[in-house]
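Subject: Handover of a structure and the findings from it

Dear colleague,

Please find below the structure that I am passing on to you.

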Amino acid sequence: MKILELYSGIGGMHTAFKKVVCAIDINPTANKVYAHNFPTTNSINGNIEGLTVNKIKKMNIDTVFMSPPCQPFTQLGLQLDIHDPRTKSFIYFLGILPELDIKRLLLENVRGFELSEVHNMFITTLKKCGFHYKEFMLSPNQLGEPNRRRRYYCVAKKEPFDEATVANLPQNDEIIQDPYTLEKILEDVTTDEYNVPIKMLLNKSKLFDIVYKDSNRSCCFTKSYGRYIEGSGSIFTPKTMAEVDDVYERLNENTQDEIDPETRIKIETELLKSLQFRFFTSREICRLMCFPEEFGFPASVTNRQRYTLLGNSINCKVVAELMKLL
Ligand code: SAH
């Protein structure tokens, strides 16, 4: 396989299968991380719409991996689908695909993509080009990883699939291996850099998705992790569930009592601080997304940028399993 990685980001696809000869992304920060990890790959900083048929033919590739922008399809977004400017480059690529000699293809996107008009265009193009294809909805927690990241995947190739290999993957919501506990991926965090800020503690503590050392789950880390709480990723506490329950019970009692607001805030702050809530570090998130230990970020990439980039990336183990089908 000689692979072209479109919408390459930090290289989740490359991490899953190290045969990428050329990668392209429009985001310079993502490209900096990509080049840091894969210095020998030709990584282009540019727009996919600038890739002509000739340019791609010269790359001498036979396989395409891609994660087109998912914002046009996310359930929380506007779902502009085909009318969202961010789908333009993908529609452009589908337009030139029949002229390219591509033998295998892997696409990742969010849940909801399968219901879109763009998805119809994608499948129609695959059929027109003579691809066999398989579609999946998979999350790493089905494969023994303590993280949720349910995504749409499609693998396509010119030869028929080996149905026995396809059947090895989880069907529907099936869990084929129980996840391990989070203890295995935790770093020994000694600074307060990752602490949840007081304001968030006071205003959002009821919305935290709290996980513990012995939890075998965490929710999907999105690109707004660290900035927003709701639905953006789990919050870690070194305390036990019983200790957390006790504090939340006392917080409830505190709102019922007739205390002056200032004292109440003081008590609440102390109670919440005692739980030592913190965000997961980017290294821990890398581990949950099955990036190897040698995967890293250049020192110039800030923590917030790391969260953003990881939030856009993929689970390498899930993708590696799918690549076996190709
Ligand atoms: N799979 C990648 C992430 C893909 S997210 C990873 O593992 O990190 C989608 C990516 O598409 C983003 O990095 C974004 O910068 C890029 N992108 C969006 N529109 C693009 C375009 N027109 N040309 C090139 N890259 C684009």
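Buried means under 20% relative accessible area, exposed means over 50%, and partly exposed lies in between, with a 1.4 Å probe and the protein chains only. This is a predicted model, in which local features need pLDDT of at least 70 and side-chain atom pairs count only at pLDDT 80 or more, while totals for chains, interfaces and linings use all residues. Residues are numbered from 1 along each chain as its sequence is written, and side-chain values use heavy atoms, with hydrogens and water left out.

Cysteines

Cys 154 has 0% relative accessibility and so counts as buried. A disulfide is a pair of cysteine sulfur atoms within 2.5 Å; by this rule the count is zero. Cys 22 takes part in no disulfide, and the nearest cysteine sulfur, in Cys 316, is 20 Å away. Cys 22 is also buried, at 2% relative accessibility. For Cys 154, the closest cysteine sulfur is that of Cys 129, and the 12 Å between them is too far for a bond.

Ligand

A residue is near a molecule if one of its heavy atoms lies within 4 Å of it. The ligand is surrounded by 18 residues, the closest being Ile 10, Asp 25, Asn 47, Ser 67 and Ser 313. A polar backbone atom of Ile 10 is 2.9 Å from an oxygen atom of the ligand. A nitrogen atom of the ligand lies 3.2 Å from a backbone N or O atom of Ile 26, and a polar backbone atom of Ile 48 is 3.0 Å from a ligand nitrogen atom.

Second largest pocket

A pocket is an open set of points on a 1 Å grid over the protein atoms alone, where a 1.4 Å probe fits and protein lies on both sides within 12 Å along at least five of seven lines; lining residues have an atom within 4 Å of a point. The second largest pocket is lined by 17 residues, and Asn 195, Pro 238, Gln 276, Phe 277 and Arg 278 lie nearest its centre. Two helices, α7 (198-204) and α9 (261-273), each give two or more residues to this lining (helices are DSSP runs of H or I, at least four residues, numbered from the N terminus).

Pro 72

Pro 72 is buried, with a relative accessible area of 1%. The C-alpha atoms of Pro 72 and Lys 213 are separated by 36 Å, and the two residues are 141 apart along the chain.

Yours sincerely

Definitions and conventions
A polar contact is a pair of N or O atoms within 3.5 Å; within protein, one must be able to donate a hydrogen and the other to accept it, and residues adjacent in sequence count only if both atoms are side-chain atoms.
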